Amino acid sequence: RLYPFFYFMVFTGLYFTTWFRAYFTNLYSWRYAYYAMFILIAISIILAVIFIELHPLRRRIPLYQLDIPGLLLLITSLMLINYVAVYGKVEDWFNSASITTACFGAVITLLLFIRRELRVKRPLLNLYLFKKTNFSLGLVLLILLSVFTPATFQAAYSGSVLHFESIRNAELNLYLIPGIIAGCLMGFFWY
């Protein structure tokens, strides 16, 4: 019964902060919008520290049980993927030697990470979770939710096709809030 409230807070907070950031950027500068967001994040962290009970959600793991080489392989792979995603368009994708090298390195380090996690006694990421149907189904639903959020298509269409400004695009997202409220109420009373 808590999930509809959680989804309401997440989605409406997302759309409201997007509108707030676009409005603040339009009025002042993009730097001031991020300063305001830093202040709001600091306030939320302070409130979380004050109001959330102090109990560990998991047991503490000694450092000798942490798979540091596996962690380094995963970090390297993700940073190379990030490099390709950020600088791919600037450097003309695979016509650049650095992008090609980064793609090759990302694949190699990711494969080495997977091989290591399957063989090590205490893996950083237990890959056998993917064999469980509940985990796989939940992961697919999470990916679909993040890709097919209504604001994703609306923002892409109104930004690239209609050439709306960011403030108008964020204002359009605010019209999604009544639908979110209706969906949360329906989910609350249905389940």
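Reader: In which hand does α3 pass α4?

Author: Left-handed: that's how α3 crosses α4 in this predicted model. To read any such pair, remember that two packed helices are described by the angle between their axes and the distance between the axes. Here, α3 (residues 68-87) and α4 (residues 97-119) sit with axes 8 Å apart, at an angle of about 150 degrees. Angles over 145 count as roughly antiparallel, so that's what α3 and α4 are to each other.

Reader: Which residues of α3 and α4 make the contact?

Author: On the α3 side you'll find, among them, Leu-73, Leu-80 and Val-84, and on the α4 side the list includes Ala-102, Ala-106, Leu-110 and Phe-113. By class, the contact of α3 with α4 has 15 nonpolar, six polar and two charged residues.

Reader: Let's move to α1. At what angle do α1 and α7 cross?

Author: Roughly 155 degrees, with the axes of α1 and α7 (residues 166-174) coming within 8 Å. α1 and α7 are therefore roughly antiparallel, and the crossing is left-handed. Tyr-15, Trp-19 and Tyr-23 are among the α1 residues in the contact, while α7 brings in residues including Ile-167, Ala-170 and Leu-174.

Conventions: Residues are numbered from 1 along each chain as its sequence is written. This is a predicted model: local features need pLDDT of at least 70, side-chain atom pairs count only at pLDDT 80 or more; totals for chains, interfaces and linings use all residues. Side-chain values use heavy atoms; hydrogens and water are left out. Axes are lines fitted to C-alpha atoms, for helices over the stretch in contact, and angles run from 0 to 180 degrees between N-to-C directions. Helices (H or I, at least four residues) and strands (E, at least two) are DSSP runs, numbered from the N terminus. Angles under 35 degrees count as roughly parallel, over 145 as roughly antiparallel, 65 to 115 as roughly perpendicular and the rest as oblique. A crossing is left-handed if the near helix is turned anticlockwise from the far one by less than a right angle, and right-handed if clockwise. Contact means heavy atoms within 4.5 Å. Ala, Val, Leu, Ile, Met, Phe, Trp, Tyr, Cys and Pro count as nonpolar, Asp, Glu, Lys and Arg as charged, and the others, Gly among them, as polar.
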